[in-house]
Amino acid sequence: MASTLVVNVLDLLRRAGAEKRVDVVAAARQFDFADSRIDDNADVEVAIELESSSTGIVAHGAARVGWTSVCRRCLRPVAGTVAAEIDEVFSREVPKHRRESDESVVAADAEPLIGDQIDFTLPVREAVLLAVPDAPLCRDDCPGLCPHCGADRATTTCSCVTFVRDERWAALDALRGTLDDAVE
Ligand SMILES: [Zn+2]
Ligand SMILES: [Zn+2]
């Protein structure tokens, strides 16, 4: 079965200003994310608007997919949905020169348009992997785990004492540190 993310753009290339919309729901495994945060069976909803210009095709849209991870403070499971932005320019020709002042610098970053098809698999894959959070929180004010005993401070109170440092003792502590070092 042909990938539905491969879009035929022949009709767009024939007329500058022509538009096309791509609406595809594809299984995550199709993108080969190889990322524990995205389930292979998850649906990736891809919606992209294509518009042709004299130099190529501009693609703008988003890919939505659910993810699961763990809170970076308390290690509780966290889940969410990202809407990864897709912004790609596909150029009929790859410019040989890149000039800083030139408007076509944007086009210089364009993907070459080979044939009359665009495969959105890779652009979607890259955008999604960038959009899924690396270190999420279960909630903004998650108190996390106690650094001493590992108790979950959102549900329990442990008996560990949080040491509040008194500046008057700081100099003595420093001196004691030097003495300890000398003994070793
Ligand atoms: Zn948390
Ligand atoms: Zn504790």
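This is a predicted model: local features need pLDDT of at least 70, side-chain atom pairs count only at pLDDT 80 or more; totals for chains, interfaces and linings use all residues.
View 1. Strands are DSSP runs of E with at least two residues, helices are runs of H or I with at least four, and both are numbered from the N terminus. Residues are numbered from 1 along each chain as its sequence is written, and chains are lettered from A and ligands numbered from 1 in the order in which they are written. Local features need pLDDT of at least 70, side-chain atom pairs count only at pLDDT 80 or more, totals for chains, interfaces and linings use all residues, and side-chain values use heavy atoms, with hydrogens and water left out.

**View 2. β3 between its partners.** β3 pairs with β2 in the antiparallel sense over 9 bridges. Two strands count as paired if DSSP finds at least two bridges between them. Asp 23 has Ala 47 of β3 as its bridge partner. β3 also runs antiparallel to β4, joined by 8 bridges. Here Ile 48 stands opposite Gly 61 in β4. Ser 52 is the bridge partner of Ile 57 in β4. A hairpin through 3 residues links β3 to β4.

**View 3. The open sheet.** Five strands form an open sheet in the order β2-β3-β4-β5-β6, with mixed pairing. β2 and β6 are the edge strands, each pairing on one side only. Strands of a sheet pair through backbone hydrogen bonds, either parallel or antiparallel. β4 (residues 56–70) and β5 (residues 77–91) pair in the antiparallel sense over 15 bridges. β5 and β6 (residues 111–112) run parallel, joined by 2 bridges. In that pair, Phe 90 has Glu 111 of β6 as its bridge partner.

**View 4. The largest nonpolar core.** This core has 38 residues. A nonpolar core is a set of buried Ala, Val, Leu, Ile, Met, Phe, Trp, Tyr and Cys residues joined through side-chain atoms within 4.5 Å. Buried means under 20% relative accessible area, exposed over 50%, and partly exposed in between (1.4 Å probe, protein chains only). Val 44, Leu 50, Ile 57, Phe 120, Val 124 and Val 128 have the most contacts inside the core. At least two core residues come from each of α1 (10–14), β2 (19–27), β3 (43–52), β4, β5 and α3 (121–131).

**View 5. The surroundings of Leu 50.** Not counting residues up to four places away in sequence, Leu 50 touches Val 7, Val 9, Leu 12, Ala 18, Glu 19, Lys 20, Val 22, Ile 57, Val 58, Ala 59 and Phe 120. A contact means heavy atoms within 4.5 Å.

View 6. β4 and β5 form a hairpin with 6 residues between them. Val 70 has Pro 77 of β5 as its bridge partner. In the turn, Leu 75 has a positive phi of about 65 degrees. The protein donors of this zinc ion are Cys 71 (SG), Cys 74 (SG), Cys 138 (SG) and Cys 142 (SG), lying 2.3 Å from it. Donors are N, O and S atoms within 2.8 Å of the metal (3.2 Å for Na, K and Ca); water is not among the atoms, so sites may look incomplete. The donor spacing along the chain is C-x2-C-x63-C-x3-C. Angles of 106 to 113 degrees among the 4 donor atoms make the site tetrahedral. Four donors are tetrahedral if all angles lie between 85 and 135 degrees. Cys 71 counts as buried because its relative accessibility is 0%. Cys 74 is buried at 7%, whereas Cys 138 is partly exposed at 28%.

**View 7. The site of the zinc ion (ligand 2).** Cys 146 (SG), Cys 149 (SG), Cys 158 (SG) and Cys 160 (SG) are the protein donors, lying 2.3 Å from the ion. They follow the spacing C-x2-C-x8-C-x1-C along the chain. The site is tetrahedral, with angles of 106 to 114 degrees among its 4 donor atoms. Cys 149 is partly exposed, with a relative accessible area of 44%. Cys 158 counts as partly exposed at 29%. Cys 160 also counts as partly exposed, at 29%. The disulfide count is 0, taking a disulfide as a pair of cysteine sulfur atoms within 2.5 Å.

Note on methods. Four donors count as tetrahedral if all angles lie between 85 and 135 degrees; four count as square planar and six as octahedral if opposite donors are over 155 degrees apart and all others between 65 and 115; anything else is irregular.
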